[in-house]
Amino acid sequence: MTIAAELPERGSYFAPGWRLRDWLLTTDHKRIAWLYLSSLLTFFFIGGAAATLIRLELFTPAGDFMTDDTYNRMFTLHGVVMVWFFLIPSIPATLGNFLLPLMLGAKDLAFPRLNLASWYVFMLGAAIALWAMLAGGLDTGWTFYTPLSTMFTTDNTSIAAVGVFIIGFSTIMTGINFIVTTHKLRAPGQTWFRLPIFVWTLYATSLVMVLATPVLAATLLLIVADRVFGIGIFDPAQGGDPLLFQHLFWFYSHPAVYIMILPGMGVVSEILPCFSRRPLFGYKFVAYSSMGIALLGFMVWGHHMFVSGQSTYAGVVFSFLSFCIAVPSAIKVFNWTLTMRKGSVTFETSMIYSLGFLGLFVFGGLAGLFLAALAEDVHLTDTYFVIAHFHYIMVGGMVTAFLAGIHFWWPKMTGRMYSERWGRIAAVTSFLGFNLTFFPQFILGFNGMPRRYHTYPDEFQAWNVLSSAGAVVLALGYVMPLFYLGYSLFKGPKAPDNPWGATGLEWQTSSPPPKDNFAEPPVVTEGPYKYELPEIDRPVDHK
Amino acid sequence: MDSIALHPIEASTLAPQVDLLFYALLAFSFGLGIFLTVLVLGYAIKYRRGSKADRSGERSRNTILEVSWTTATALMALGIFLWGAELFLQRDHPPPDSLHISGIGKQWMWIFEHENGRREIDELHVPLGQPVVVSLSSEDVIHSMFVPAFRMKMDAVPGRQTQLWFQATRAGTYDLFCAEYCGTQHSEMRGHVVVMEPQDFAKWLASGPTVESLVQQGQALFRGLGCSGCHGPSATVHAPKLEGVYGHPVGLATSQTVNADDGYIRDSILQPKKQVVGGFDPIMPSYQGLITEDDLGKLVAYIKSLGNSGGTP
């Protein structure tokens with residue numbers, strides 16, 4: 001492979017210009033990644049602000065800070081914004097957008113204009129939903145359960161549902177773009193089993209996006225039709241069925257959980273080998289397990305409904321399938337762990353985030369076993385145990401992996417280095433803050449505190465106070481990168497093309513890459529993780 | 001803050017069984033979680049750059065290892081699945097000598113009705129040691145009856161009947177929550193379950209405001225709503241008689257057979273054309289929207305009583 005750094009100086013993708021239209025009308029996947037990144041960060045902090053207000057209210061058992069309606073709107077805002085405006089697009093639309101063509105040795109995604117269109121559609125949907133929630137308020141919870149959402153709430157429900165419906169098209173556009181790109185634009189020699197795991201997970205994620213999102217779209221339209229035309233599909237008085245909604249909703253929303261976590265798994269699969277100087281352990285098993293998770297993810301939706309009135313035997317089947325999906329997740333964890341064995345481990349910021357991901361994902365995943373076990377779920381479902389479980393996966397897992405990836409590829413994206421010292425402090429702070437916030441919620445849930453409670457009995461206060469205190473530390477951990485990464489954008493030292501000595505194709509071009517990514521099309525001759533131990537750690541017989 | 005919640009009280013026959021599973025899972029999770037954490041940190045420290053650790057003989061794949069940990073994980077998962085499922089299946093099978101209570105959720109309160117017609121709101125009195133079946137329905141949105149001390153929860157869904165059962169093992173007053181988000185005052189939809197010694201319970205039940213029993217109220221509704229015009233003993237309209245129906249198989253016009261349980265009676269009142277009895281014309285009007293959940297429960301109770309007596313009481 002040629003080393004791009006030796007080529008003569010080329011302009012970076014920033015060179016074409018900084019006017020507004022150079023950004024808003026660009027079709028360069030790298031610039032579109034920035035459009036997404038800046039929008040998603042805005043939404044992340046809006047959702048985070050709502051979470052902060054929720055934790056503030058829960059500091060005491062009484063409802064002394066907001067009214068019950070305000071509280072209900074706040075957790076709905078938090079859920080809708082975090083799920084649809086942040087977690088679903090988070091890694092795919094930012095890092096995936098930036099890196100997929102680079103990792104494949106391509107000039108751009110297969111459909112650059114579709115890529116830009118997806119951002120506009122996303123912003124349109126987000127603006128509509130956000131307006132509905134801020135202007136009038138939406139208090140259905142992000143789950144839109146019927147008949148509460150169809151017959152017992154304000155008119156903004158329809159508007160918000162239309163907003164989320166529109167966002168779905170953006171997701172589908174991204175999914176199709178990634179699938180076609182992965183199939184058609186791989187560099188010569190880039191066979192499927194020479195693809196980085198990040199590409200595998202993006203591919204698996206895209207399949208889920210394309211197959212599951214239409215079901216969400218149909219479901220949301222049915223809600224609007226029920227509200228506006230009174231077709232009564234979810235109304236028992238007209239022969240409809242409220243449980244039908246739950247089946248449809250979770251048929252999308254459980255696979256969506258894997259949309260949210262698979263790309264995170266891909267990110268740490270890139271980082272752990274790099275800072276262990278070892279190939280990823282069990283590459284093929286990790287690749288296949290991603291596909292296994294994507295496939296099985298479609299068959300477990302009923303585990304959200306064990307006490308809903310769904311038939312007992314359906315519950316048994318869904319519980320069994322849910323335990324099946326634990327297997328590929330466990331395979332990944334074991335392989336990540338063994339990747340470090342006999343390596344040469346260093347602790348750069350993104351490695352610390354990745355190790356944090358590993359710990360939080362393991363404990364979050366194990367908590368899932370409690371919820372998949374039928375009789376245990378009867379007690380724990382709809383309590384804070386569930387909240388803690390999915391925040392361990394979504395925040396402890398996905399947000400941590402997102403930050404790991406941002407730090408890992410930051411030099412490539414910006415051409416600048418950041419302060420490793422502040423990076424490490426932020427990584428450790430968010431890890432501690434996260435555990436302090438969410439571990440107490442496991443205990444609250446086991447003791448029976450239901451979720452979505454504005455007020456609660458006194459005996460739950462101690463754990464809630466601890467959780468709220470943890471949220472302060474967590475918020476600090478999330479705000480810190482804004483400062484040192486922001487500083488690095490302007491004042492950071494220039495980044496070399498391959499600061500981490502990593503092996504992916506994206507590291508063979510300059511930092512930041514030129515508009516067309518590579519000076520000459522790369523040719524791939526070997527697998528993705530050809531790491532070697534540095535001189536000082538090589539076993540004697542190899543020296 | 002008067003106390004810190006650490007472990008919820010166990011007050012039903014199910015609670016210790018669920019907790020055994022919980023603590024077994026907890027031990028397993030912490031065991032595996034800590035093992036992996038130690039392994040990750042151990043490798044990170046042992047193989048940090050520049051350490052003296054032996055790095056010879058490294059490999060990056062090991063099919064035997066992959067197959068063995070996959071198999072081990074699958075077997076563990078299967079074991080936990082079976083344990084959880086086995087306990088869960090008890091849900092469908094309340095003991096035959098159970099006490100029946102009907103529970104209705106509405107925004108934002110719980111209404112309970114005992115067989116003798118005694119009603120209570122946001123409180124449920126039950127006897128110690130006797131199995132209790134609560135038949136749940138909802139007047140508006142989905143609610144969920146949750147008693148942490150019993151480790152028991154079930155959704156109350158509009159348009160259908162669900163049930164949960166428990167057998168209390170400890171006298172006392174326990175939290176009752178609505179666990180399914182149901183709108184503005186969801187977190188205020190709380191109450192208590194009061195478990196009493198059987199003789200105290202009997203006294204409590206008898207001492208209530210003297211109202212007619214559910215069956216008597218149902219009988220009055222049966223006349224008031226016009227049911228007796230067709231289904232009564234002296235009716236001339238060609239409609240099925242209801243004596244001896246409850247709890248027995250009914251032959252349908254589609255030549256299928258259905259067991260006349262609570263759900264069937266309910267459906268026949270609300271959606272009479274759904275399952276028509278063989279030999280009859282589908283002429284009954286639907287009572288959907290004309291009858292409250294509360295009254296529906298009373299009617300079902302009355303028709304149930306006809307099933308046992310074999311004649312008009």
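A polar contact is a pair of N or O atoms within 3.5 Å, where, within protein, one atom must be able to donate a hydrogen and the other to accept it. The views below show a predicted model.

**View 1. Polar contacts and a salt bridge between the two domains of chain B.** Four residue pairs, both at pLDDT 80 or more, are in polar contact between domain 1 of chain B and domain 2 of chain B. On the side of domain 1 that touches domain 2, one residue is nonpolar, seven are polar and five are charged. The count of salt bridges between these domains is one, and Arg119(B) forms a salt bridge with Asp294(B), with the closest N and O atoms 2.6 Å apart.

**View 2. The area buried between the domains of chain B.** Domain 1 (1–46 + 94–211) and domain 2 (214–309) of chain B bury about 900 Å² between them, of which 41% lies on carbon and sulfur atoms. Glu113(B), Glu139(B) and Gln161(B) supply 38% of the area that domain 1 buries against domain 2, more than any other three residues.

**View 3. The interface between chain A and chain B.** In this interface 96 residues of chain A are in contact with 91 residues of chain B, and the buried area is about 8100 Å², with carbon and sulfur atoms giving 68%. The chains share 31 residue pairs in polar contact, both at pLDDT 80 or more, and α11(A) gives the most to the side of chain A that touches chain B, with 15 residues. That side has 56 nonpolar, 23 polar and 17 charged residues.

**View 4. A salt bridge between the chains.** Two salt bridges are counted between chain A and chain B, and Asp241(A) forms a salt bridge with Arg160(B), the closest N and O atoms lying 3.2 Å apart.

Key
Residues are numbered from 1 along each chain as its sequence is written. Chains are lettered from A and ligands numbered from 1 in the order in which they are written. This is a predicted model: local features need pLDDT of at least 70, side-chain atom pairs count only at pLDDT 80 or more; totals for chains, interfaces and linings use all residues. Side-chain values use heavy atoms; hydrogens and water are left out. Contact means heavy atoms within 4.5 Å. Buried area is the accessible area (1.4 Å probe) that two parts lose on being put together, summed over both. A salt bridge is a side-chain nitrogen of Lys or Arg within 4 Å of a carboxyl oxygen of Asp or Glu. A polar contact is a pair of N or O atoms within 3.5 Å; within protein, one must be able to donate a hydrogen and the other to accept it, and residues adjacent in sequence count only if both atoms are side-chain atoms. Helices (H or I, at least four residues) and strands (E, at least two) are DSSP runs, numbered from the N terminus. Ala, Val, Leu, Ile, Met, Phe, Trp, Tyr, Cys and Pro count as nonpolar, Asp, Glu, Lys and Arg as charged, and the others, Gly among them, as polar. Domain bounds come from an automatic or database domain assignment.
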